[in-house]
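Good morning, colleagues. Please look at the sequence and the structure on the screen while I walk through them.

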Amino acid sequence: MTFKQLFFRYYDKKVTSGEISFSRTGIRKDEFTRLCTEEDFVFDRQTLEQICTRMNLTEEETQELFEAAGRLWKK
């Protein structure tokens, strides 16, 4: 599963349940647009860590996102 697919799996689940809103994630609009339109876009490590915290992701979910992002950071 790509970073983008995995991210939106968690994001959509959290937004649909009402746990979070877009504004609470702290994601900049330009970065969200890039995530939606660019297949290989990934947040930098610090930003991703902050997003995972704000989305209240589990340790396992956070690890999965970082592993998926790591495949793109290595490119």
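This is a predicted model: local features need pLDDT of at least 70, side-chain atom pairs count only at pLDDT 80 or more; totals for chains, interfaces and linings use all residues.

What share of the contacts in the chain with a separation of 6 or more is accounted for by residues 24 or more positions apart? The share is 66%, where contact means heavy atoms within 4.5 Å.

Residues are numbered from 1 along each chain as its sequence is written, and side-chain values use heavy atoms, with hydrogens and water left out.

I begin with the overall architecture. The chain contains five helices and zero strands, and its pattern along the sequence reads α-α-α-α-α. Helices here are DSSP runs of H or I with at least four residues, strands are runs of E with at least two, and both are numbered from the N terminus.

The C-alpha trace spans about 35 × 25 × 20 Å along its principal axes. The radius of gyration of the chain is 11 Å, which agrees with the value near 11 Å for a compact globule of 75 residues. That radius is taken over C-alpha atoms, and the globule rule is 2.2 Å times the number of residues to the power 0.38.

Of the 75 residues, 39% are buried. Buried denotes under 20% relative accessible area, exposed over 50%, and partly exposed in between, with a 1.4 Å probe and protein chains only. The chain exposes about 4900 Å², of which carbon and sulfur atoms supply 48%.

Tyr10 belongs to helix H1, residues 3-17, and counts as buried because its relative accessible area is 8%. Beyond its neighbours within four places in sequence, Tyr10 is in contact with Met55, Leu57, Glu61, Glu64 and Leu65.

Glu61 takes us to helix H5. Is Glu61 buried or exposed? Its relative accessibility is 10%, so Glu61 counts as buried. Leaving aside neighbours within four places, Glu61 is in contact with Tyr10 and Lys13. A polar atom of the Glu61 side chain also lies 2.8 Å from the backbone nitrogen of Thr58; a polar contact is a pair of N or O atoms within 3.5 Å, where within protein one must be able to donate a hydrogen and the other to accept it, and residues adjacent in sequence count only if both atoms are side-chain atoms.

Next is Thr25, in helix H2, residues 22-25. With a relative accessibility of 0%, Thr25 counts as buried. Its side chain reaches the backbone nitrogen of Ile27 at 3.2 Å. Not counting residues up to four places away in sequence, Thr25 touches Tyr11, Ile20, Ile51, Arg54 and Met55.

Finally, consider Asn56, found in the loop between helix H4 (45-54) and helix H5 (59-73). Asn56 has a positive phi of about 55° although it is not a glycine. Most residues other than glycine have a negative phi. At 46% relative accessibility, Asn56 counts as partly exposed.

Technical notes. Accessible areas come from the Shrake-Rupley method with a 1.4 Å probe; for residues, only the protein chains shown count as cover.
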